[in-house]
Amino acid sequence: RTAPKSSSKAPDGQTQISSLKHILPRKQEAPIQQMGFFSSQSFQLSARGQWSTWPAFASTQTVRRDHKPCCTPEERHPSTKQPFLAFPKPRYLEQLEFYLRKELQSLDLTKDNSQELKLQPYREIFEFFIDNFKTYKPLLSAIKNEYEVTLAHQKRTIRALQPLKATVTTISEECTRQMLALQEKEKDEINKLKQENRRLLKFIDNMKEEKNSLQTQVEHLRTSVAEEYARYLNEHSAHKLLLAKLNEIHNERLDMARHQLQDIKGEDVVKLTLALKMARQDLTTSQVKLNKMTADYGDVVPRRDFESLENKYSDLLREMKTLQKDLNQLRKDHEALLGIQAETTEEQDNLRAELQRVQRNRTPRPNWAKCSEVIPGGAERWGGLAKGKSSDQLVDVLLEEIGTRMLRERDIFPGWGKGDRVPVYLRHEGEVKNKKLTKKDAVNILKDVWKEKMAQEQQTGQRSSLPEFFLSYLQKKHGAAAAIEWSYTLYENMRLCRSNHILSSFYDILTGKVGEEQYHAQNRLRELAACDISDSGSLTGEQFRQEANQEAFPLKRKESIQELVDASRYKLDSTEDLIDYKSLFKEDEEGNAEPLVAKLRSQYVREKQEYLGQLKDKLGDLTEVSADDLKTAFCTINPTIDDQMLDTYVGLAYQVRRGQPEQEVVPVEMALERLLTGDVRRAGPSPQEGST
């Protein structure tokens, strides 16, 4: 093909080279200059001064017929065995092909984007053509831009569809797996139902066979009865004939005897003849009656046999009706089972869908064993702390451990101020030093506080306020200046250590959450030690149960007594079933009690909650309650309560002391909350249950 003619004068070689030099990257200028790319002799010009339209103007150079533009230099060695063309290739075309081969050889085609890398050299060569051919530059640029836009659109489409492809594949695999799982589950259920259906069908067939057998037996019995009836009829007829013959023989003998007697006595013949005639008439009459009776009663069965056969028939008929009824019931049961199966299948589908929804929305349970890695003492101590506790209780234990650790790291506490709302034992402005007490030290101090307070109350005969006595005790023990430091330190320890009974109960009483009477009431539970009859320090399980039931806790249920017995036997090793009951009331160095005491405390709280629950049910839908209504409700649920205890409970509910005027009404919820903080318990057996 020849280049199209142009009316304008074509640029000379140097101008075209300079334009190509501006198009090529700067890093490619040196290799091109070394190849003589910018030499005026590098281009084959026609006689008119335009670009060479190779091979029309070829003269001396030859090119191989099987020449490849992008082959390696080793593949371009000439061979004498290949035929040659007589047309030379333009220098500019050779330089472009060499540049293309060099760029392609320098690429790493093992990468994922090898096709894009391979396209870049061709894009640069095409840009060289566009820049050099000024006449066709707009058309070639438009073609190139349209291809670039199309390629970019295809890339965006591929990138958008790639995640959808993975999603579709994942969803397809998940659906296939769910379908297979459902088919497996339903396959087992369908097989079970089919087996049950086959069993029921087989049972129905057996019942049908048994029914047919019974019908056959009935037919056989009917035939036997008919045969027996015919036999008895024949025997009856033969018996009648035999009697007739016997009568005839007897009459003949009588006649013979009479004739002999007449012969002997010489009686009158006329008289004998007349007697004989009369006897024959009687015989004829008797024979007629006998024949008539034989004709009338020949087909009659004896009543005894008839009643026996009738009873047998009734029994068989009744048995057949029973079997028929059972068969009908089995059919109804079978239909009901089919209905239940359909309902069960539907319910199973609903439960499966609900299970899948719950599994998607559920919160995974925490792995509490990880806490052993950060708790002092390791897995052994954490196992003892977490034994028998729920997740909520484990959170409290973990918070207590974290709080006590942070408490040991603190050096000072911020003061609460000296306002009226601040407890008297925490009134201080400024910073307070942390004494950094251990749990054992805090427990010992609080035990000593209780001991001193009870001794003082016994001497004075009056009960003092625990917050004020707590502050006075610390001031007396450590001085007024250091008392606040001890008070803040003990308060923080009590607030954090909720699992320790001594610390938590002292904190609740100190802050007014519960009354001091509840602490003393729980301490009176140690009266169980009086159950030792032999003063040996040990009891058998049966003695423990009897003494606890009769002496210490006569109002407890049998289930509660059994819980106490089980708690007392938790470390029993002796085969003699002896309980060392004195060791059950010991405490460790941190004040933690044995399981029996802990069970007594939990039962005390539970029984109080049940007692107040019955009181709430008795009050009904009332929102406010008066003192008289409250007394009536107490007397109804606990008839044996005395007036002193009743006044104490009412005063606790209305927050007034004995002798003070009571409020008219209080909200029911407030009254129950106040009763829950005090020592409220049943004074006698429940009217529904009675005493154990």
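Colleague: How many disulfides does the count come to?
Modeller: Zero, counting a pair of cysteine sulfur atoms within 2.5 Å as a disulfide. Bear in mind this is a predicted model, where local features need pLDDT of at least 70, side-chain atom pairs count only at pLDDT 80 or more, and totals for chains, interfaces and linings use all residues. Residues are numbered from 1 along each chain as its sequence is written, and side-chain values use heavy atoms, with hydrogens and water left out.

Colleague: Is Cys497 buried or exposed?
Modeller: Buried, because its relative accessibility is 2%. Buried means under 20% relative accessible area, exposed over 50%, and partly exposed in between, with a 1.4 Å probe and protein chains only.

Colleague: And how does Cys635 count?
Modeller: As partly exposed, at 34% relative accessibility.

Colleague: Switching topic, where is Lys436 found?
Modeller: In the loop between β2 (431-433) and α10 (439-460); helices (H or I, at least four residues) and strands (E, at least two) are DSSP runs, numbered from the N terminus. Lys436 has a phi near 55 degrees, a positive value in a residue other than glycine.

Colleague: What about the accessibility of Lys436?
Modeller: Its relative accessible area is 41%, so Lys436 is partly exposed.
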